Amino acid sequence: MLTVVLECQDQEPELAQTLSVLVAGAVEGLVSDVVVLDHGSRDGTSKVADAAGCRFHSQWDIKDVLRSARGEWLLFVEPGARPQAGWIDEIAEYVALNKVPARFTASRGYRRPFFQRVGRSLPPLELGLLLPKKHAIAAARSGMRLSEFAKGQKLRKLSSELIPSWVARSAR
């Protein structure tokens with residue numbers, strides 16, 4: 001039903017944190033596969049992906065990756081991002097009833113300090129991106145990064161919260 005796609009570069013600990021949360025989605029039958037797109041990592045990123053049963057690509061064409069996705073919906077998240085309680089049921093219901101892209105709500109427990117939020121644009125995938133596979137394939141261009149899929153999209157907001165990846169990076 002859902003394919004999760006992540007782009008990594010030397011983010012072994014962050015990837016492990018995200019994958020540990022996705023296990024529950026796989027057990028519930030929501031997450032059918034996870035694809036890790038690597039940009040030349042020199043750490044254990046490939047080993048973490050392999051141990052978790054992910055498809056790992058060090059060289060790829062985004063069009064081929066999207067066509068091979070098992071799920072009819074795609075969830076793009078940054079390594080280190082972690083969906084919070086209730087995400088599985090909400091996404092299952094959302095994809096059954098909707099056809100438009102969505103993103104998570106920012107975690108209330110992990111917010112940047114006020115002055116870091118003011119006037120700052122949100123990175124495109126900081127709150128993830130949930131979109132139908134057919135929309136992604138139609139928009140895909142060779143060499144495209146995952147963050148580019150969010151540009152120009154009108155996104156609905158899920159009520160489920162996501163702890164953004166910067167939290168995991170700052171804990172390093």
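Predicted model: local features only at pLDDT ≥ 70, side-chain atom pairs only at ≥ 80, totals over all residues.

Colleague: How many residues has helix 1, and how far does it reach?

Modeller: Helix 1 covers residues 12-27, which is 16 residues, and reaches 23 Å from first to last C-alpha. Helices here are DSSP runs (H or I, at least four residues) and strands are E runs of at least two, numbered from the N terminus.

Colleague: Where is the kink in helix 1 centred?

Modeller: On Val21, with a kink of about 30°. The bend at a residue is the angle between axes fitted to the seven residues ending there and the seven starting there. After helix 1 comes Gly29, which has a positive phi near 85°.

Colleague: Which residues of helix 1 are buried?

Modeller: Glu14, Leu15, Thr18, Leu19, Leu22 and Gly25. Buried means under 20% relative accessible area, exposed over 50%, partly exposed in between (1.4 Å probe, protein chains only). The elements they pack against include strand 1 (2-8), helix 4 (87-97) and helix 7 (165-170).

Colleague: Moving on to the largest nonpolar core. Which residues touch the most other members?

Modeller: Ile91 and Leu130, out of 28 residues. Helix 4 gives the largest share of this core, 5 residues. A nonpolar core is a set of buried Ala, Val, Leu, Ile, Met, Phe, Trp, Tyr and Cys residues joined through side-chain atoms within 4.5 Å.

Colleague: What does Leu130 touch?

Modeller: Not counting residues up to four places away in sequence, its contacts include Leu2, Trp73, Ile91, Tyr94 and Leu158. Contact means heavy atoms within 4.5 Å. There is also a second, separate core of 18 residues, with Val65, Leu66, Phe76 and Leu146 among them.

Colleague: And Thr3, buried or exposed?

Modeller: Thr3 is buried, at a relative accessible area of 0%. Thr3 lies in strand 1, and its side chain reaches the backbone nitrogen of Gly71 at 2.8 Å. Beyond four places in sequence, Thr3 is in contact with residues including Ser32, Asp33, Ala69 and Trp73.

Colleague: How many salt bridges does the structure hold?

Modeller: It holds 5, a salt bridge being a side-chain nitrogen of Lys or Arg within 4 Å of a carboxyl oxygen of Asp or Glu. In one of them, Arg55 and Asp33 meet at 2.8 Å, N to O. Arg55 is in strand 3 (residues 55-57) and Asp33 in strand 2, 22 residues apart.

Colleague: How accessible are Arg55 and Asp33?

Modeller: Arg55 counts as partly exposed at 21%, whereas Asp33 is buried at 5%.

Colleague: What about Asp10 and Arg42, how far apart are the closest N and O atoms?

Modeller: They are 3.8 Å apart. Asp10 sits in the loop between strand 1 and helix 1, and Arg42 in the loop between strand 2 and helix 2. Asp10 is partly exposed at 22%, and Arg42 is exposed at 73%.

Definitions and conventions: Residues numbered from 1 in each chain as written. Heavy atoms only, no water. Expected span 1.5 Å × (residues − 1). Polar contact = N/O pair within 3.5 Å; in protein donor to acceptor, adjacent residues only side chain to side chain.
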